[in-house]
Amino acid sequence: MPAPLVEPFSDAHLDAAGELLAARHARHREAEPLLAARYEQPSAAREEIEALVGSEGASGVAAIRDGEVVGVPRDDNDWGANIWIEAAGHAADDPELVRDLYAAAAARWVEGGRTRHYALVPAGDDDLVTAWFRVSFGQQHAHGIRELNSEPWPDGARLATPEDIEGIIRIAPLILRHQALSPVFSDRKDEDEEEALRREIEDELANPDVGYLVAEVDGRLVGTFVVAPIDMAGAHTGPARPDRSCFLAFAATDPAVRGSGTGSRSRTHASRGGRSAATRRL
Amino acid sequence: MPAPSVEPFSDAHLDVAGELLAARHLRHRRVEPLLSARYEDPATARAEVERVWRIEGASGTIARREEHVVGYLIGAPRPNPVWGENVWIEAAGHAVEVAEDVRDLYAVAAAAWVEEGRSQHYVLVPASERVLLDAWWRLSFGQQHAHGIREVPDSADVRVPDGFEIRGPREEEVEQLIDVDLALPDHQQRSPVFSSLAVWSREESREEWLKTLADQEETILIGARDGRPVAGWAYVPAERSSETRNLLGPDHAAFLGFASTLPEFRGSGIGVALTEAGFAWAAQAGYEVMITDWRVTNLLSSRFWPRRGFRPAFLRLYRSIP
């Protein structure tokens, strides 16, 4: 097969890109039907791509009628000199074509000093996932989904109250510290100062839309889970945002009780908390 | 299944590591029987593990479950600065009974490597071990390089495109040979390869060509158009290359160690013709197996060589932290 004709992405490509993304999302929903159905509509898919293309610093390429890759920088020091290819930022008839599209787009990004590249790829699309693997991307992060079932409140888990704040402050930083270790080696350095963390917890406890959960063992707070409406989740956008869903935004467990089942019980509690908020997916 | 306990690798683990590697290689050869059968023998596999373990600066881990050693991992730095502050886990540097355990082994080993400032990690993984590859991929390693293998066909179909010829190199055309030599690294510095390997200079290339022409230890096929060299393929016995004198190298194989075509002649058919001519030479020289390698991120070569019948036998994966 000859190399495709690749050209800079422009508004003229939006209709075709919307159709390609809608087709990819329809394939994705065959494997994961909990995802939002509306992105199977080319018009809804087109809107997502248009929003990306309209973002500051966005650039991309299109292979005529066959594929698109659009990257957008995130203005956040956590990600370095970055480009993000969001969930709506790529689609192609032939997965191999994504490698040509990335080659053309990445030349410009690297030339501009943006050397850290992130792509959100449908997990069930093995050929597409392999194509990204073959331009040297490794797996960094997973976005999981599950149904919410009616389950009893597990022992030791309950909604948090202001009296739990000191215990939460003790546990909350543990996840960031754990992820700084091998083999994660996360370079995120945004651990909150204690006072800032306290204010954040107070705000979330006061927010009726947020389910703030804690788990106790022998009267000691050993775990905390935060469940929020999906529209508060900045990392889950476009085709990666299911309808009528809640978002398990934060989970941390005291290392002393990891492996004891506390986390599982808390997650059951989180599921229940999410369900009570009239959502069906977590 | 509970996570294994992980301990430092020591000489005491060489025997069991040899057995684990021999078992992995046996599985590998069921898929790729052209690989050397020698490493199915635990004693030979042990010697290869020991070779890796004795490299200066090597360190590693073993995984134990219920007193039974179920996996090991050894990494060592390569002194060549082109690899950065590196650790290489060579083909003999890891074997596990359960693929997921390699993540526990790496987690402990990598903590020490990163602490020492060695943040660029390379690992060679059998291409047939999909679950093992997935385990590495879930440690954020991406594909960088492929080591391919194929049979030497009994007969080759050499169709030289009109206007081209295939012949040996000549000393009087060394300046044009340098152009061919530099075309590959120049291409691999571009997107999406972004190779950090330095492009050698014309002077270095000239020196290398003159030495190669004088030594006559390599078999070199030149594709020429109107008398001008535009492509070059170079072959050596696999056992002569330090890169393939191990699990990567089958017994008595020809190693296509270099292949490059000037950009304006890519797609002309001269590369296909040179490859077929190489098969004809290898068959005549008594080789039954040919190996080569390519950058997976090089779109041209990663499509060209599989179409020429080369099957990936090992994949080199790479992770840079951050």
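Reader: How do α5(B) and α6(B) lie to each other, roughly perpendicular or roughly parallel?
Author: Helices are DSSP runs of H or I with at least four residues, strands are runs of E with at least two, and both are numbered from the N terminus. The axes of helix α5 (residues 174-188) and helix α6 (residues 202-215) of chain B come within 9 Å and cross at roughly 115°, where axes are lines fitted to C-alpha atoms, for helices over the stretch in contact, and angles run from 0 to 180 degrees between N-to-C directions. Angles under 35 degrees count as roughly parallel, over 145 as roughly antiparallel, 65 to 115 as roughly perpendicular and the rest as oblique. α5(B) and α6(B) are therefore roughly perpendicular.

Reader: What kind of model is this?
Author: Residues are numbered from 1 along each chain as its sequence is written, while chains are lettered from A and ligands numbered from 1 in the order in which they are written. Local features need pLDDT of at least 70, side-chain atom pairs count only at pLDDT 80 or more, and totals for chains, interfaces and linings use all residues, for this is a predicted model.

Reader: How many charged residues are in the contact of α5(B) with α6(B)?
Author: Two residues are in contact if their C-beta atoms, placed from the backbone, lie within 7 Å. Here B:Val174, B:Leu177, B:Ile178, B:Asp181 and B:Leu182 of α5(B) meet B:Arg202, B:Ser205, B:Arg206, B:Trp209 and B:Leu210 of α6(B). Ala, Val, Leu, Ile, Met, Phe, Trp, Tyr, Cys and Pro count as nonpolar, Asp, Glu, Lys and Arg as charged, and the others, Gly among them, as polar. By these classes the contact of α5(B) with α6(B) has six nonpolar residues, one polar and, as asked, charged residues numbering three.

Reader: Is the crossing of α1(A) and α2(A) left-handed or right-handed?
Author: In chain A, helix α1 (residues 14-31) packs with helix α2 (residues 42-53) at an angle of about 115°, and their axes are 7 Å apart. α1(A) and α2(A) are therefore roughly perpendicular to each other. A crossing is left-handed if the near helix is turned anticlockwise from the far one by less than a right angle, and right-handed if clockwise. The crossing of α1(A) and α2(A) is right-handed.

Reader: How many nonpolar residues are in the contact of α1(B) with α2(B)?
Author: In chain B, helix α1 (residues 14-31) and helix α2 (residues 42-53) have axes 7 Å apart and pack at about 115°, and α1(B) passes α2(B) in a right-handed crossing. Residues making the contact include B:Leu14 and B:His25 of α1(B) and B:Pro42 and B:Trp53 of α2(B). By class, the contact of α1(B) with α2(B) has five charged residues, two polar and, of the nonpolar class, nine.

Reader: Which are the edge strands of the open sheet of chain B?
Author: The open sheet has nine strands in the order β4-β6-β13-β7-β12-β11-β10-β9-β8 (chain B), with mixed pairing, and two strands pair if DSSP finds at least two bridges between them. Each edge strand pairs on one side only, and in chain B these strands are β4 (86-89) and β8 (164-167).

Reader: Which element gives the most to the side of chain B that touches chain A?
Author: Contact between the chains involves 26 residues of chain B and 20 residues of chain A. α3 (101-115), β7 (142-151), α8 (299-307) and β13 of chain B each supply at least two residues of the side that touches chain A. By class, that side of chain B has 15 nonpolar, seven polar and four charged residues. With six residues, the element that gives the most to it is α3(B).
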